[in-house]
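Work through the following exercises with the sequence and the model side by side. Each task is followed by a solution that goes step by step.

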Amino acid sequence: MADEDSGEIQLTENIDQAIIEQVRDIEKQIAGAFPLVTEKENIVVLGKDYSDDDKIYQAKLKDLYSRYTYLRKTRGDGNCFFRSYGFRTLEECLSNAETLNKFIEKSTNIKDSLIQIGYPAYTVEDFYEVVMDIVNIAKENGTLDDIIQVFNDQGHSDYFVVFLRLMVSCYLQQNEAFYSAFIEGHTTMKDFCSQEVEPMAKESDHIHIIALTSVLETTVQVEYMDRGGDEEKVNYHRFPDDGTTPTIYLLYRPGHYDILYPRDSSDT
């Protein structure tokens, strides 16, 4: 009996290891085949992902085409919301000094706040300095190609994503009294943040978007490309929904975010 149990344990371990190796192989294939952030593409490329016979999605595609010109895709690695938000923010910093200066100010404030609430100063400052090095590309008359290049460097890009995640974590912990009602299955906000916000590859939900837009005082419009709501139009939501004009537009398809460019934006 003991031998049978031992054999079952070994078989389970072998299966688990096989699954882990398979996941790693898939991750490597995705990494090799798809950049972290792509060049702009005409919005009509979305048509390739939907059947011509699907009347609901074809109607919604038509709606998107009427309001957006370009799409910039991001890798589907669980970090796509933060990667999309970060890249679009940097892109805006190239031409908008106010956005640039505000991002630097807010980042510095968050860096200090993270240290105040107990995060190791050395680690926080390390991430902060890399982020500032990236931001300085925009500050020192860098080009869009420079931003694309640095954001497709895994190390630099991931540091930026981590720092945005830390921004969200810090904000939620500082406002735990309000946001604790929105988390389930976690004893404290710190527990929630350590498990659902800070780890890389953890997908984002509304609470992440609300927190990040609150920290950086930006407005994001998310277009939800799914079968919900109106069958002829894409449903969207603004964070915050306070009448301010969005500076960032994102396309959400179940489990994934990409960047959208409205028809009235400059065609860089």
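**Exercise 1.** Locate glutamate 217 in this predicted model, and decide whether glutamate 217 is buried, partly exposed or exposed.

*Solution.* Begin with the place in the chain: glutamate 217 sits in the loop that runs between H10 and strand E3 (220–224). Next, take the relative accessible area, which is 49% for glutamate 217. Since a residue is called buried under 20% and exposed over 50%, glutamate 217 counts as partly exposed. Finally, look at the backbone, where glutamate 217 shows a positive phi of about 50° although it is not a glycine.

**Exercise 2.** Find out which loop holds alanine 201, and describe its phi angle.

*Solution.* Alanine 201 belongs to the loop between H9 and H10. The phi of alanine 201 is near 75°, which is a positive value in a residue other than glycine. To see why this deserves a remark, recall that most residues other than glycine have a negative phi. As for accessibility, alanine 201 is partly exposed because its relative value is 45%.

The loop between H9 and H10 also holds aspartate 205, which counts as partly exposed at 48% relative accessibility. Although aspartate 205 and phenylalanine 81 are 124 residues apart along the chain, their C-alpha atoms are separated by 9.2 Å.

**Exercise 3.** Identify the cis peptide bond that involves proline 240, and state where proline 240 lies.

*Solution.* The bond in question joins phenylalanine 239 and proline 240, with an omega of about -5°. For comparison, most peptide bonds are trans. Proline 240 itself lies in the loop between strand E4 (235–239) and strand E5 (248–253).

**Exercise 4.** Work out the surroundings of aspartate 158, and say which residue its side chain joins in a polar contact.

*Solution.* Leaving out residues up to four places away in sequence, aspartate 158 touches Arg83 and Met200. With arginine 83, the side chain of aspartate 158 makes a polar contact of 2.9 Å. These two residues are 75 residues apart along the chain, and their C-alpha atoms are separated by 8.3 Å.

Glutamate 92 lies in helix H3 and is buried, with a relative accessible area of 19%. Its C-alpha atom is separated by 9.0 Å from that of alanine 138, 46 residues apart along the chain.

**Exercise 5.** Which residues of the largest nonpolar core touch the most other members, and which element gives this core its largest share?

*Solution.* Among the 61 residues of this core, Phe87, Phe103, Val135, Phe160, Met167, Leu172 and Leu212 touch the most other members. H7 gives the largest share, 11 residues. Another core, of 14 residues, lies apart from it and includes Ile43, Val45, Tyr57 and Met225. Taking Phe87 as an example, and setting aside neighbours within four places in sequence, its contacts include Val37, Leu144, Phe151 and Tyr261.

**Exercise 6.** Determine which residues of helix H9 (residues 189–197) are buried, and name the helices they pack against.

*Solution.* The buried residues of H9 are Met189, Asp191, Phe192, Cys193 and Val197. They pack against H7, helix H8 (176–179) and helix H10 (206–216). To set this in the whole chain, note that its secondary structure comes to 10 helices and 6 strands, and that 44% of its 268 residues count as buried.

Conventions: Residues are numbered from 1 along each chain as its sequence is written. This is a predicted model: local features need pLDDT of at least 70, side-chain atom pairs count only at pLDDT 80 or more; totals for chains, interfaces and linings use all residues. Side-chain values use heavy atoms; hydrogens and water are left out. Contact means heavy atoms within 4.5 Å. A polar contact is a pair of N or O atoms within 3.5 Å; within protein, one must be able to donate a hydrogen and the other to accept it, and residues adjacent in sequence count only if both atoms are side-chain atoms. A nonpolar core is a set of buried Ala, Val, Leu, Ile, Met, Phe, Trp, Tyr and Cys residues joined through side-chain atoms within 4.5 Å. Buried means under 20% relative accessible area, exposed over 50%, partly exposed in between (1.4 Å probe, protein chains only). Helices (H or I, at least four residues) and strands (E, at least two) are DSSP runs, numbered from the N terminus.
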